[in-house]
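Please read the notes below alongside the sequence and the model.

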Amino acid sequence: MPSNATQNHAASAPGKIILCGEHAVVYGTQGIAMPSSSTIDVSYEPGDAWAIQWSDVDLQWIEYAHKICTEIAARTKVRPGTITVRSALPLGKGMGSSTALIIAMCRAVLGPECEQTASDIEQVTYPARSGLDFAVIWEGHPVLFRKGEKPKQIELPIGFLDGAFLIDTGKPNETTKELVAWVGERKHQLQDAFALIAGCAQRVQQGEDRLSILRDHHHAQVELGVVPEDVQLLIAQIEQMGGAAKVCGAGARTGGGGIVLAVGVNRTSVPQEFPTFDL
């Protein structure tokens with residue numbers, strides 16, 4: 001790949017919102033996800049050495065961005081330079097921020113034709129990936145995904161997300177990698193929960209009642225053990241008010257549950273300690 005010119009380059013990538021499929025997609029079931037409206041935005045200015053400018057972020061994210069730079073440099077002849085990152089996407093809360101950063105950085109540094117390089121870097125940084133995060137974030141469109149098959153862009157049923165919003169329940173104490181490994185250790189005991197999650201993806205496509213689908217999906221995630229008790233209580237309150245909600249990422253065993261998708265209730269009914277925001 002040719003070296004970059006001296007101009008500044010900018011790119012962005014959305015996060016992801018999984019509607020159906022957490023953990024189950026790792027084992028070959030269908031999943032459905034859509035891009036978020038919030039993005040990670042990256043600019044790149046060629047220079048003499050790699051530098052990361054990213055304010056108000058934990059050191060681990062700076063180190064992760066440097067690792068991505070190293071992986072880009074190992075695969076291309078690109079010049080080093082200054083990477084400036086701005087994120088409206090919640091980090092480390094189940095919305096695909098790690099993958100979004102890879103894609104945004106690769107697009108900024110290498111241009112739009114960088115899909116394979118970005119995918120290879122994600123594979124290195126997260127070998128146990130299902131591929132769902134990458135598919136929906138790269139496409140920037142709702143996708144139907146099954147591991148090992150080409151993702152298919154789909155249109156969600158009309159009205160499925162009317163009035164939907166996201167709830168920030170806090171950062172999980174475990175990483176996605178740790179949670180996937182923990183669920184994998186018990187996968188033979190969790191086949192019924194995986195089957196229920198897989199069925200939810202089919203039901204979305206068939207246009208079934210969204211409240212019923214999301215409630216069933218949530219209860220399957222509880223069976224997986226990835227919905228902390230405080231988040232279970234929050235979702236129970238939402239269900240009692242006539243709505244439905246589910247964790248939108250790997251979830252957690254302890255700490256916060258990350259981002260939760262809620263439908264069928266008013267945002268003002270959510271307890272104030274849990275920030276809400278648009279899809």
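In this predicted model, Cys 106 is a buried residue, its relative accessible area being 0%.

**Cysteines**
- With a disulfide taken as a pair of cysteine sulfur atoms within 2.5 Å, the count for this model comes to zero.
- Cys 20 takes part in no disulfide, since the nearest cysteine sulfur, which belongs to Cys 200, lies 5.4 Å away; Cys 20 is also buried, with a relative accessible area of 0%.
- Cys 106 is likewise in no disulfide, and the nearest cysteine sulfur to it, that of Cys 114, is 5.1 Å away.

**Helix 3**
- Helix 3, which spans residues 115–125, has Thr 117, Ala 118, Ser 119, Ile 121, Glu 122 and Thr 125 as buried residues.
- The cover over these buried residues includes helix 1 (59–75) and helix 2 (97–110), together with helix 4 (132–139) and helix 5 (176–185).

**Helix 4**
- Six of the eight residues of helix 4 are buried, so this helix is largely enclosed by the rest of the structure.
- The buried residues in question are Leu 132, Phe 134, Ala 135, Val 136, Ile 137 and Trp 138.
- These buried residues of helix 4 pack against helix 2 and helix 3, and also against strand 1 (9–20), strand 2 (31–46) and strand 5 (143–145).
- Just after helix 4 comes Gly 140, which adopts a positive phi of about 65°.

Key:
Residues numbered from 1 in each chain as written. Predicted model: local features only at pLDDT ≥ 70, side-chain atom pairs only at ≥ 80, totals over all residues. Heavy atoms only, no water. Buried < 20%, exposed > 50% of the residue type's maximum accessible area, 1.4 Å probe, protein only. Helix = DSSP H or I, 4+ residues; strand = E, 2+ residues; numbered from the N terminus. Contact = heavy atoms within 4.5 Å.
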